[in-house]
Amino acid sequence: MDERAAVEFRNISVRFPGVLANDSVSLTVKRGEIFALVGENGAGKTTLMKVLYGMNRPTQGEVFVFGSRLEKYDPAYSISLGVGMVHQHFMLVPSFTVAQNIVLGREPKKSGVFYDKRAAERITHELIKAYGLEVDANAVVADLSVGAQQRVEILKTLYRGADILVLDEPTAVLTPNETKEFFDVLRGIVSEKGVTVIIITHKLNEVMEISDRVGVMRAGKLVGVCNTNEVTSQQLASMMVGREVLLDAVERSTTVGEPRVVIKDLNVYDDRGLHVVKGLSLSVRAGEILGVAGVEGNGQSELAEAITGLRKIASGVVSINGVSVSGLGPGEIRALGVSHVPEDRLRTGVSAPASVADNLLAGKQRDNRFARARIHRRSASISRYVDEVKTQFDIRAAGSDVAAGSLSGGNIQKLVVAREFSFEHANVLVICQPTRGVDIGAMEYIHSLILAKRSDGCAILLISADLDELFRISDRIVTMYEGELTGEFVTGETNHYEVGAYMAGAIGGVNHDV
C-alpha cells in the first residue's frame, strides 16, 4: 500500500445484467490532489466512484481508503471513512430547507431530543462562510435553481467531514466566473484542509485548469493516467473515444429566413407567483441558432416552458410559425412544429419507470407505422424503429425493454434528444441544456445533429449554462438576468467574459426586441 494514497482500486470489476461496467480497473488517487476522471458515457466512471462510495458492490477486486480495506459496501460506512460524493442527479429532500438538508441525519438537538433549528441554521451559515458557497440557509430546496441545489449538496457533504470529495459533473450549471470561484474554493479545500478531490467531468478545458492528474476510461477499462501538465485536451479527447475528435468552433449560418418564433413583451410567473420573465421580446429565424445564456434561475426555464405550453403566459405574445400559442397545450404546440428537449431530463424528459422503447415512441402513438402495431408489444415495426434509433443515437442500454431510469445520465440525455429530433415535421426546436453530463464524443454528435437541423431550416432556441457550447454552435447569443434580456451578441464578435458579465447582471439591463 502506497502511504501517499487516499484511495486505491485493485482489479475492480462490476458486472450488471448484460453489461461489464468496470473491467479490472486498478487506480491510485494520491492524498491532497485534484484527480479528474474522464470518459464517454457508459465508460464506467460513475460506477467506479459509486463503488468507492459504497453504492455499488464490485464483482471482483478490492478498494482501500487511507490504507483500510473496505469491508462492506454501504454509503454510511464509506462516509464514516471520510468519503463524500456529490451526485450528478442531486439527492436532496425538495420540501426541506437548505439547513435541514445539510444537517439531515446529523441534526443538532436541544436537550438531546428536539431538533435545534437555530443551531442548524448557524452551522449552515458557518459552512457557507468557510467555503464560499453562497446559498440561502432558510430557502426551501424545491424553490432553488439547479446551481444553488448543487452548492447545497457540496455543503452537505463537507458537513459530514469528507476527506475525499467525489464530484460528478460539478460545474455543469455554473457560469465562467462562478466556475473560477468554485475552483478557487476547491484549491483552498485541498491546500488548507488537505482534502482529496476526485472530479468526474466532460469539460476538458476545466480538467486542464484544475486537476493535477487525469485518468481516462473507455468501455469499462482504465486506458491511461497522465499528469495533466504533460497532456493536451485534444489527446485526452482522442483517448476517451478512440479516435480524433473535432471540437473547434463551427461556421455561422449565413442564410436565415423569416422568423419562426416571435415573442413580444412576454411576462411569466413561477410556481411561487414570482415574476420571473419580465417584458421579454426576441425572435428566432429559420436557419439560425439563438443561444440564451444566463445563470440558472433567471427565467430561462420558465421562458422555455411558456413557449412549449408547460407554463401559462401571463401577458404578451408568443407565436410559432405565425400562430399564437396562448392557451394552447403542449400537444397542440407540438402539432405546430415544435420539438422540446427539456432542462430536467429525469423530471420532464423521460418517464423513468417506462421502457426505453416506450420513451422513444412517446408522441408518435398515432403514427401510422405504430398505431396498429401497438396492439402487439413486440411488433416488427416498433422493434425495427427502436433499434434503428438506438443505433443512430448510440443509446447504450441492456435492452429496449429496460426502464429508462436505469440508464446513465448521458444515455438518458441521448434518448431525449433522439426522440425529439425524430419528429419529421418539426421546424422549431427549443433545446435546454442538450449536452449536460454527456461525454465529449456524445457532445460532438449532439452538436452535429443541432447544426444539421439548422441547415434544414429549423429555428433553434438553445438554452445552455455551458458558454463553450453556446460559443461553438450559436449564431447569436442573448443574455438573461432576473427575467430580462440584458445583452445581444453576434457570437464571433464577443468573448466568454463579456457575456459572463451580462449574465451576472454586472452590465446591461435594457430589454429590447432582437
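Over the face of which residue does arginine 334 lie, and at what distance from the ring centre? In this predicted model, arginine 334 is placed over the face of phenylalanine 423, and the separation from the ring centre is 4.4 Å.

**View 1. Arginine side chains over aromatic rings.** The close-up centred on arginine 334 shows this residue over the face of phenylalanine 423, 4.4 Å from the ring centre. A further arrangement of this kind involves arginine 106, whose charged end sits over the ring of tyrosine 159 at 5.2 Å from the centre of that ring.

**View 2. The ring pair of phenylalanine 182 and phenylalanine 183.** The structure contains 3 aromatic pairs, one of which is formed by phenylalanine 182 and phenylalanine 183, with ring centres 6.3 Å apart. Phenylalanine 182 and phenylalanine 183 are both buried.

**View 3. The ring pair of phenylalanine 489 and tyrosine 502.** Here the ring centres of phenylalanine 489 and tyrosine 502 lie 5.0 Å apart and the planes stand at 80°, so the geometry is edge-to-face. Phenylalanine 489 belongs to strand E22 (residues 484-490), whereas tyrosine 502 belongs to helix H17 (residues 496-503), so that the contact ties together parts that are 13 residues apart in sequence. Phenylalanine 489 is buried, as is tyrosine 502.

**View 4. Strand E16 and its pairing with E13 and E17.** Strand E16 (residues 315-320) pairs with strand E13 (residues 259-269) in the antiparallel sense, over 5 bridges, and within this pairing lysine 264 has valine 317 of E16 as its bridge partner. E16 also pairs with strand E17 (residues 323-324), again in the antiparallel sense but over 2 bridges, with isoleucine 320 standing opposite valine 323 of E17. The strands E16 and E17 form a hairpin with 2 residues between them, and in the turn asparagine 321 has a positive phi of about 50°.

**View 5. The surroundings of cysteine 432.** With sulfur atoms required to lie within 2.5 Å of each other, the count of disulfides comes to 0. Cysteine 432 accordingly takes part in no disulfide, and the nearest cysteine sulfur, which belongs to cysteine 458, is 16 Å away. The relative accessible area of cysteine 432 is 4%, and because this value is under 20%, the residue counts as buried.

Technical notes:
Residues numbered from 1 in each chain as written. Predicted model: local features only at pLDDT ≥ 70, side-chain atom pairs only at ≥ 80, totals over all residues. Heavy atoms only, no water. Phe/Tyr/Trp six-rings, centres within 6.5 Å; stacked < 30°, edge-to-face > 60°. Buried < 20%, exposed > 50% of the residue type's maximum accessible area, 1.4 Å probe, protein only. Helix = DSSP H or I, 4+ residues; strand = E, 2+ residues; numbered from the N terminus. Lys NZ or Arg CZ within 6 Å of the ring centre and 35° of its normal. Pairing = 2+ DSSP bridges.
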